[in-house]
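Look at the aromatic side chains in the structure below.

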Amino acid sequence: MSESALSELTQREQIATRIYPSADEACAYVADAISQLIQQRNEAGKPTVLGLATGSTPVRLYRELIRRHQEEGLSFERVITFNLDEYYGLSGDHPESYRRFMQDQLFDHIDIKPENTHVPDGLAPRTDVFASCHQYEQAILDAGGIDIQILGIGRTGHIGFNEPGSGPESRTRLVTLDSLTRRDAARDFLGEENVPRHAITMGVGTILDARKVFLLAWGESKAPVLAESVEGPQTESIPASFLQLHKNCTFCIDKAAASRLTRERHPWLVGPVEWDSAMIRKSVLWLARKTDKALLKLTDEDYTENGMADLLTEKGSAYNLNIDIFNVTQHTITGWPGGKPNADDSNRPERASPFPKRSLVLSPEPTDDVFCLGGVIHRLANQGHDVTVAYMTSGNLAVPDPDARRAIELINEMGESIQDDTEVKHARLLEQQLNEKGLLGEDTPELRQLKGLIRRGEARSSARQLELAPEQLRFLDLPFYENGRYRRFKTDEADVAAMVKLLEEIQPHQIFTTGLGQDPLSSPALCFDVLLSALKKCKDSAWLKDCLFWLYRGPGAEWEMHEIDMAVPLSPDELEFKIKGIYQHQTQRSQSPSASRQSENSWNLASELNRTTANYYDQLGLSEYEAIECFKRFEPHA
Ligand code: GLP
């Protein structure tokens, strides 16, 4: 794209924003900037001062810096670091403290001097906090100020822990965490109630003093707040928007995080666009939404008054455009997610043959399948297809301790009643481990196994509701999950090998999967990466040439209308079935299904989303359904 076309498209953006196809590419760019500065300073015998962030976002950047240190000799001997923030009340060796995080994710793997790394003191006594924050600011000044500041962004628009209400003048201080921020941290702390209520954070003013700022963001859950920070007004309700005041700040983000920027969302409003069929579909559906009209009721005026006059000129009239998009949308609807046998399939999302199909549903955690496509699974099974649901991870990290304790007591009592010593012994061991680890300690392998088995039981029970037999379920327990923790997972060849084995055994005709566009360190995104790597290994297999891929969005959100390629309506009864299936996941009652959406009651979220999709179809003037599950076609070979 030419410079002038790009600047036309980005005219609403108040912060330089670079969009990358993947987080790794963005990280390589930022790592280049950091390493170049470090090398220059090292050659001049001078220090480099880095401001560092925690959270999932910078993990890949840190991995790349570690790689450069280990493989390319990048030395951090003269580097001085200041971290943005720390939970108040946590000591540096607490597993969830930001000090611990930094040691694990970066400091322990490079040649930085321990005395050169600074993280706010989470244990400063309440009366000394003010002085301690002041000293932190002074230490930054004494080091010569921050050369490069790395930032992530929270869904409240926070940078560091500067929650809404933080002004551009704010300095390092003690703050109260927002409830959304605490909910987002709940998985790390094994429950929201364990997340600290306060933190110490550099202020927005402290951040703005850095000479260069890079903000990183990945995944669709960050998209709304990013668009507000970049294109919205500077406001205390989105503290990241104050980065607009910085002269040398760059946002480096992936495509999913950029998806709400005007240039991605409705580029036709800011500049000329190429009206290919995808752009036409997106814009006409947007217009119907904007004007609150059914597709076939859109008029020439609607098009001209809403910045789409050039499309109208190109296509002649609203009438033609409306009919085209109406038909495309109608053709997404099917009651036959596995294809309708012996029927004309020229306008159906799935092929009629072969019939029956081998349908493979990949579920990153044991709830994703029923939550996102419980209705479709039920239908596929009822329509005679050969369905396999594969749970990719055990999901054991999401089982609360009280549920584990209940199971241990059951094993113990059963053992005692049948006088089985081995069983009783194991129950006692589990109980002892549970007591010893305390509220926030890590589960032992035995406890993780138990928790994994609890989730298997729930998954079986849920699948039974959908009329699947236990033999139709596979539990892959991918190793990356078994050896890891949230935000710290790392996949390797063993994960890919397990996936290849499953694919080659099933040889599916269609695969339902998820994870595209999600936070790259989340389990769905990692499972998706594992799938893509496995597909590369299967590239010569005949089945792959004949396999269609259907993406579901994930438990907390739904595809937008223009992204839907297959929409499967559910009757009120089918929706009930699905909800009953969801209810079998007893241990997940209090868990949020996804960080990307809040709901009063997460158990209702699936049906809320399915009903909302059905409403959109209705509002567009198509048929009226109770609920719809929807999917997007994906071409792994493209
Ligand atoms: C935390 C940190 C922030 C971070 C944000 C986003 O609250 N204090 O510095 O940017 O959350 O976290 P993540 O990168 O895991 O999405």
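The paragraphs below go through ring pairs, a ring cluster and charges over rings.

This is a predicted model. Counting rings whose centres lie within 6.5 Å of each other gives 16 aromatic pairs. One of them joins Phe 82 and Tyr 136: the ring centres are 5.7 Å apart and the planes meet at 85°, so this pair is edge-to-face. An angle over 60 degrees is what that label requires. Phe 82 belongs to strand 3 (residues 79-83), while Tyr 136 belongs to helix 5 (residues 129-142), so the contact ties together parts that are 54 residues apart in sequence. Phe 82 is buried, with a relative accessible area of 1%. Tyr 136 is also counted as buried, at 8% relative accessibility.

A second pair has another geometry. The centres of the Tyr 391 and Phe 475 rings are 5.2 Å apart, and their planes are at 20°, so the pair is stacked. Here the cut-off is an angle under 30 degrees. Tyr 391 lies in strand 12 (residues 386-391) and Phe 475 in strand 13 (residues 473-475), so this pair ties together parts that are 84 residues apart in sequence. Tyr 391 is buried, at 1% relative accessibility, whereas Phe 475 is partly exposed, with a relative accessible area of 21%.

Rings can also be linked in groups of pairs. In this model, ring pairs join Tyr 87, Tyr 98, Phe 161 and Phe 189 into a cluster.

Which residue has its charged end over the ring of Tyr 29? That residue is Arg 18, whose charged end sits 4.0 Å from the ring centre. Lys 632 lies over the face of Trp 559, 5.5 Å from the centre of the ring.

Terms used:
Residues numbered from 1 in each chain as written. Predicted model: local features only at pLDDT ≥ 70, side-chain atom pairs only at ≥ 80, totals over all residues. Heavy atoms only, no water. Phe/Tyr/Trp six-rings, centres within 6.5 Å; stacked < 30°, edge-to-face > 60°. Helix = DSSP H or I, 4+ residues; strand = E, 2+ residues; numbered from the N terminus. Buried < 20%, exposed > 50% of the residue type's maximum accessible area, 1.4 Å probe, protein only. Lys NZ or Arg CZ within 6 Å of the ring centre and 35° of its normal.
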